[in-house]
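Subject: Structure handover

Hello,

Here is the structure we talked about. Please look through it first, then read the notes below it.

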Amino acid sequence: MTESKTAMITGIGGQDGSYLTEFLLKKGYKVRGIIRRGSYPNTKRIDHLIEKYESFDNKGELSITYSDLTDASSIRNAIEMFKPDEIYNLAAQSHVGISFTNGISTFDINARGVFRILDTIRNKGINCKYYQASSSEMFGISPPPQNESTPMLPQSPYGIAKLAGYHITKMHRNAYGMFASNGILFNHESPRRGVNFVTRKITRIFTEVILGKTDRIVLGNLDAKRDWGFSGDYVEAMWRILQHNEPDDFVISTGETYTIRDFLKEVCRNVDINLEWKGTGVDEIGYDTNTGKTLVSINPYYFRPAEVPALLGDSTKAREILKWKPKVMFKDLVNMMLKHDLEERGNEIRGRPVSLEEAKELASKLRN
Ligand code: NAP
Ligand code: GDD
């Protein structure tokens, strides 16, 4: 019998880390993860896996240790202890808006953190493949569609830090012959998405509106276009990138793009609400054409100092070489996230899950 491979995941407690852990455990990998110390539990997304698989002797299916990408010696210790065959570097300050206020720490984690890991692998002579979680945010204002050859013109501290991480990864590949690859992933969402990213914010707060806990959803720029896929599909692409016979960089995307308005409209359509718009600029509102109820308004607080207007990925290279393609597309993604939030927030607010059918009935009665 062949020995199972060991994968180390930074950011194991994040959205993608949780799906990747499930995916790799199913493949028979031993999974090793790092989490950083938080004042509040940060393992909610993987508690079901910890309960079932964790062992503390570093021999079983799942082991986790404390480490932080800003702390080089903690990274070195984790890598030396886990001796991984593959490292998936998913840890990051991943919120673009917050990177404008926390620019330097974002750079330290998202750019210098990459260097700390690759430097350890190289200096300690560890024989492992490295995956870097690069981002479509690096394309910035380059017009769509974007592929591996599109110029990168990032607009945010997050995008700039990720672009540095991307080049640090390529440099280790080119200069030292390391197996270091970039996945340039377009936006991907799920019921486990952080609650302050726009998709999850919308499905969660819309649920609260339906349940009468909140009045409306308050957002920033509604015109940005994003290519939204499902995190569960995208973690498979990460794995395929490291199984390819040579290190390389790949765009991963659905090839469809929608505005924030489209996302809102689709959420509403799920409960038979027809959402339309009136007013202009910051006074614009989104309302239900049947009941007149205001469902969406704007607060400039959520505008960013610079914006990425349109992302649309061309993932032909990954589809042809890695034989990867997305399974969950826009409408199913919206439906999955809304159903989850009706269940979760239903439980929290009403003490029981709320079904889509019940949500439709509640929605038909909403008034200002
Ligand atoms: P996420 O849910 O925000 O997860 C990020 C993880 O990184 C969290 O577990 C976080 O821990 C951890 N982390 C943050 N700073 C750290 C540090 N200094 N040391 C150790 N761990 C740290 O993000 P995601 O959506 O899963 O995304 C995964 C990766 O892909 C990120 O690098 C992101 O930038 C990149 N990416 C995401 C997308 C997307 O649309 N989701 C697209 C392209 C690229 P805490 O829980 O303690 O905060
Ligand atoms: N978060 C948020 N909150 N975004 C809003 C809001 C709001 O209230 N209102 C409008 N938006 C707009 C943002 O201005 C942006 O144009 C768009 O919605 C998407 O915002 P996010 O969901 O925060 O995602 P992002 O595109 O900035 O970044 C995500 O995707 C990147 C890949 O392109 C993150 O997951 C990054 O980590 C990832 O690299």
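A polar contact here is a pair of N or O atoms within 3.5 Å; within protein, one of the two must be able to donate a hydrogen and the other to accept it, and residues adjacent in sequence count only if both atoms are side-chain atoms. By that rule, L69 meets ligand 1 through a backbone N or O atom, 3.0 Å from a nitrogen atom of the ligand.

Before the rest, some notes on the source. This is a predicted model, in which local features need pLDDT of at least 70 and side-chain atom pairs count only at pLDDT 80 or more, while totals for chains, interfaces and linings use all residues. Residues are numbered from 1 along each chain as its sequence is written, chains are lettered from A and ligands numbered from 1 in the order in which they are written, and side-chain values use heavy atoms, with hydrogens and water left out.

Ligand 1

Two further contacts involve oxygen atoms of ligand 1. One is 3.1 Å from a polar backbone atom of G14, and there is a distance of 2.6 Å between an oxygen atom of the ligand and an N or O atom in the side chain of S94. On its own, ligand 1 has 900 Å² of accessible area, of which the protein covers 89%. Accessible areas come from the Shrake-Rupley method with a 1.4 Å probe, and for residues only the protein chains shown count as cover.

The shell around ligand 1 has 24 residues, and D16, R36, S94, Y158 and K162 come nearest. A residue is counted as near a molecule or strand if one of its heavy atoms lies within 4 Å of it. By class, the shell holds nine nonpolar, ten polar and five charged residues. In this scheme Ala, Val, Leu, Ile, Met, Phe, Trp, Tyr, Cys and Pro are nonpolar, Asp, Glu, Lys and Arg are charged, and the others, Gly among them, are polar.

Which elements supply the shell around ligand 1? Helix 1 (15-26), strand 5 (129-135) and helix 6 (157-176) each give at least two residues, and strand 5 has the largest share, with three residues. Helices (H or I, at least four residues) and strands (E, at least two) are DSSP runs, numbered from the N terminus.

Ligand 2

Ligand 2 is surrounded by 23 residues, and the closest are S135, S136, Y158, R304 and E307. Taken alone, ligand 2 exposes 710 Å², and the protein buries 95% of that. Its shell has nine nonpolar, eight polar and six charged residues.

Helix 5

How does the length of helix 5 compare with what it should span? Helix 5 covers residues 103-123, so at 1.5 Å a residue its 21 residues should span 30 Å, and its end C-alpha atoms are 29 Å apart, which agrees. The expected span is 1.5 Å times one less than the number of residues. Helix 5 also bends by about 40 degrees at R112, where the bend is the angle between axes fitted to the seven residues ending there and the seven starting there.

Several residues of helix 5 are buried, including T106, I109, V114, L118 and I121. Buried means under 20% relative accessible area, exposed means over 50%, and partly exposed is in between (1.4 Å probe, protein chains only). R116 is in helix 5 too; R116 counts as buried because its relative accessible area is 15%. The side chain of R116 makes a polar contact of 2.7 Å with the side chain of D108, another buried residue of helix 5. Just after the helix, G125 takes a positive phi of about 60 degrees.

Backbone exceptions

Most residues other than glycine have a negative phi, and most peptide bonds are trans. N58 is not a glycine, but has a positive phi of about 60 degrees. N58 sits in the loop between helix 2 (47-53) and strand 3 (62-66) and is partly exposed, at 25% relative accessible area. K323 also has a positive phi, near 60 degrees. K323 lies in the loop between helix 10 (316-322) and helix 11 (330-350) and is exposed, at 62%.

The peptide bond joining P144 and P145 is cis, with omega about 0 degrees. P145 is in the loop between strand 5 and helix 6.

Regards
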